[in-house]
Amino acid sequence: MALERKGAAMLDRAGVAPGQRRFERFVDARYARQSFELVVPVSTRPVDCAALEKIADTFHDRHLHTYGHNNRDEPVQIVSVRLAAIGATPPVPIRDKVAPARTDAVKDKRQAWFRETGLVEATIYDRRRMPSGLTVTGPAVIESLESTILVLPGCQAEMNEDGYVLLTRLG
């Protein structure tokens, strides 16, 4: 509860409305004499005996998945308790203005190698000149000063009104 109060106070200072908040709880757990912990989500509140049993069961499952073995007879140590206080905020615009709809965003065409197709011709786009709503079908490359986005064959990229490039797999 103390961690949640601190998280809520931090979200209060950030101006996040109560309806836009969520809290995710985790423990770092391990077997005795181990040097490394595994992160285990804690879904129940309050943490009572049943919740501790669930944490131990989840730890054993994660240990088996991670290391290929577990020991359900071995006690589980909780090393630390963590809370993520998450506040949903409105999208942050990443550019001052959207390129005009008639702007040609195509810079060039180049040969590009993709594992799925091998060497193919890819269309090269300038992200700054991509208007809102422009849909690009791969294979393509979207270039900007701060990043390069590969649009794989069988995928599509769309510039949304906030300036984000949204990638989706077709089919």
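The dialogue below goes through how to read some features of this predicted model.

Colleague: What should I keep in mind about the model and its numbering?

Modeller: This is a predicted model, in which local features need pLDDT of at least 70 and side-chain atom pairs count only at pLDDT 80 or more, while totals for chains, interfaces and linings use all residues. Residues are numbered from 1 along each chain as its sequence is written, and side-chain values use heavy atoms, with hydrogens and water left out.

Colleague: How many helices and strands does the protein have, and what pattern do they follow along the sequence?

Modeller: Helices (H or I, at least four residues) and strands (E, at least two) are DSSP runs, numbered from the N terminus. Here the protein has 2 helices and 10 strands, and their pattern along the sequence is α-β-β-α-β-β-β-β-β-β-β-β. The radius of gyration is 24 Å, well over the 16 Å that the globule rule gives for 171 residues, so the protein is more spread out than a compact globule. That radius is taken over C-alpha atoms, and the globule rule is 2.2 Å times the number of residues to the power 0.38. Along the principal axes, the C-alpha atoms fill a box of roughly 65 × 45 × 30 Å.

Colleague: What percentage of the 171 residues count as buried?

Modeller: Buried means under 20% relative accessible area, exposed over 50%, and partly exposed in between, with a 1.4 Å probe and protein chains only. By that criterion, 28% of the 171 residues of the protein are buried.

Colleague: Is Glu4 buried or exposed, and which residues is Glu4 in contact with?

Modeller: Glu4, which has its place in helix H1 (residues 2-13), counts as buried because its relative accessibility is 15%. Contact means heavy atoms within 4.5 Å, and, leaving aside neighbours within four places in sequence, Glu4 is in contact with Phe23, Arg25, Arg45 and Leu83. A polar contact is a pair of N or O atoms within 3.5 Å; within protein, one must be able to donate a hydrogen and the other to accept it, and residues adjacent in sequence count only if both atoms are side-chain atoms. The side chains of Glu4 and Arg25 are joined by such a contact, at 2.9 Å.

Colleague: Where does Ile149 lie, and which residues does Ile149 touch?

Modeller: Ile149 lies in strand E8 (residues 148-151) and is buried, with a relative accessible area of 17%. Not counting residues up to four places away in sequence, Ile149 touches Arg127, Ala140, Val141, Ile142, Val165 and Leu167.
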